[in-house]
Amino acid sequence: MHADEAEIDAGLVRRLIADQFPQWAALPVERVPSGGTVNAVFRLGGELAVRMPLTGGGAKDVDLEHTHLPRLAAVLPLPVPEPVAKGEPGGGYPYPWSVCRWLPGTILPPDAGVAAPGPLAGQLAGFVNAMRAADPAGAPASYRSEPLADRDAGTRDALARLVPEDGVDVPAVTAAWEAALRAPAYAGAPVWLHADLSPGNILLTGDGRLGGVIDFGCMGLGEPAVDLIAAWNLFTGPAREAFRAALAGADGRGVDEAAWARGRGWALSISLIQLPYYRHTNPAMVASSKFVIDEVLADG
């Protein structure tokens with residue numbers, strides 16, 4: 001997927017575990033199929049997961065998660081990854097890496113979405129509300145902390161790289177992006193964000209409830225509209241409206257039209273940039289991006 005991507009397989013993980021954490025050397029190691037773009041994930045025995053950054057940029061998330069996830073876990077209403085050990089470069093692998101507790105669950109298909117306004121929308125809104133309410137003292141800036149307008153050049157570049165085979169209505173999408181840019185900018189204090197509430201990061205229980213949220217590599221402070229991307233990443237129709245209704249705005253009075261428009265713009269921008277980048281390397285990301293683009297147009 002990336003020009004500078006490290007080569008990682010189960011054999012490398014076994015060697016690193018045996019060298020650095022011999023207490024786990026006898027546990028089986030199995031790669032977890034994933035559409036993720038930042039880490040290769042391996043199951044270590046029945047209770048642990050190993051996260052191996054693919055690039056140097058992803059390696060920066062290791063310290064971020066070990067520092068801040070325990071703090072956030074104490075105030076969040078859902079299970080999140082629990083870091084238990086930090087690995088060092090070795091065996092030809094150049095980056096730090098993590099061992100976390102395994103969280104059970106299944107993920108949504110990247111292009112399905114949830115239409116029925118059942119418990120998932122309310123649970124995820126509760127998670128977002130709790131993130132926003134967490135103490136911001138000492139928190140870093142989110143990976144997605146810039147104003148929406150700062151993404152204009154990158155988004156228009158992505159629009160220019162779309163091809164007919166992508167199946168995107170470029171004039172309609174361009175109009176939707178420009179409408180989002182016209183929304184009033186956020187003027188409040190930054191809040192804690194997950195900043196990547198996408199299908200692969202939401203764990204579901206067997207009865208379709210929300211069982212946990214994973215992959216906090218984008219977390220940090222930013223404007224609340226960033227986590228509204230879940231409205232178009234995960235939901236359709238009535239479920240999207242249920243998610244919005246259950247959210248508390250920065251002023252405690254819900255999500256206003258300007259914030260909703262910026263959230264729609266964030267979802268659109270992220271998906272447009274992902275689509276040409278992963279066109280030939282990550283089918284899950286392509287499917288998710290197309291789903292979001294269609295939902296943004298349907299909701300506009």
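Reply: Start with Asp-215 and Arg-51. Their side chains meet in a salt bridge, with 3.7 Å from N to O. A salt bridge here is a side-chain nitrogen of Lys or Arg within 4 Å of a carboxyl oxygen of Asp or Glu. Side chains of opposite charge can pair when their charged atoms come close. Asp-215 sits in the loop between strand S8 (210-213) and strand S9 (220-222), and Arg-51 in strand S3 (residues 48-53), so the pair ties together parts that are 164 residues apart in sequence. Helices (H or I, at least four residues) and strands (E, at least two) are DSSP runs, numbered from the N terminus. Both Asp-215 and Arg-51 are buried. Buried means under 20% relative accessible area, exposed means over 50%, and partly exposed is in between (1.4 Å probe, protein chains only).

A note on the model. It is predicted: local features need pLDDT of at least 70, side-chain atom pairs count only at pLDDT 80 or more, and totals for chains, interfaces and linings use all residues. Residues are numbered from 1 along each chain as its sequence is written, and side-chain values use heavy atoms, leaving out hydrogens and water.

By the salt-bridge rule, the count comes to 15. Take Arg-279 and Asp-166, whose side chains meet at 2.8 Å, N to O. Arg-279 is partly exposed, at 24% relative accessible area. Asp-166 counts as buried, at 5%.

Now Glu-295 and Arg-240. Their side chains form a salt bridge at 2.5 Å, N to O. Glu-295 is in helix H9 and Arg-240 in helix H7, 55 residues apart, so the pair links distant parts of the chain. Glu-295 and Arg-240 are both buried. They also belong to a network of salt bridges that links Arg-240, Arg-264, Glu-295 and Asp-299.

Helix H9 (residues 283-299) has another partner. Its axis and that of helix H5 (residues 170-181) come within 10 Å and cross at roughly 70 degrees. Axes are lines fitted to C-alpha atoms, for helices over the stretch in contact, and angles run from 0 to 180 degrees between N-to-C directions. H5 and H9 are therefore roughly perpendicular to each other. That label covers 65 to 115 degrees; under 35 is roughly parallel, over 145 roughly antiparallel, and the rest oblique.

Ala-172, Val-173 and Ala-176 in H5 meet Ile-293, Val-296 and Leu-297 in H9. Contact means heavy atoms within 4.5 Å. The residues of this contact of H5 with H9 are six nonpolar, no polar and no charged. Ala, Val, Leu, Ile, Met, Phe, Trp, Tyr, Cys and Pro count as nonpolar, Asp, Glu, Lys and Arg as charged, and the others, Gly among them, as polar.

At 36% relative accessibility, Ala-179 counts as partly exposed. Its C-alpha atom is 9.2 Å from that of Gly-300, 121 residues apart along the chain.

Last, H7. Helix H3 (residues 119-133) and helix H7 (residues 237-246) pack at an angle of about 35 degrees, with their axes 8 Å apart. Residues in this contact include Leu-124 and Val-128 of H3 and Phe-243 of H7. By class, the contact of H3 with H7 has eight nonpolar, two polar and no charged residues.
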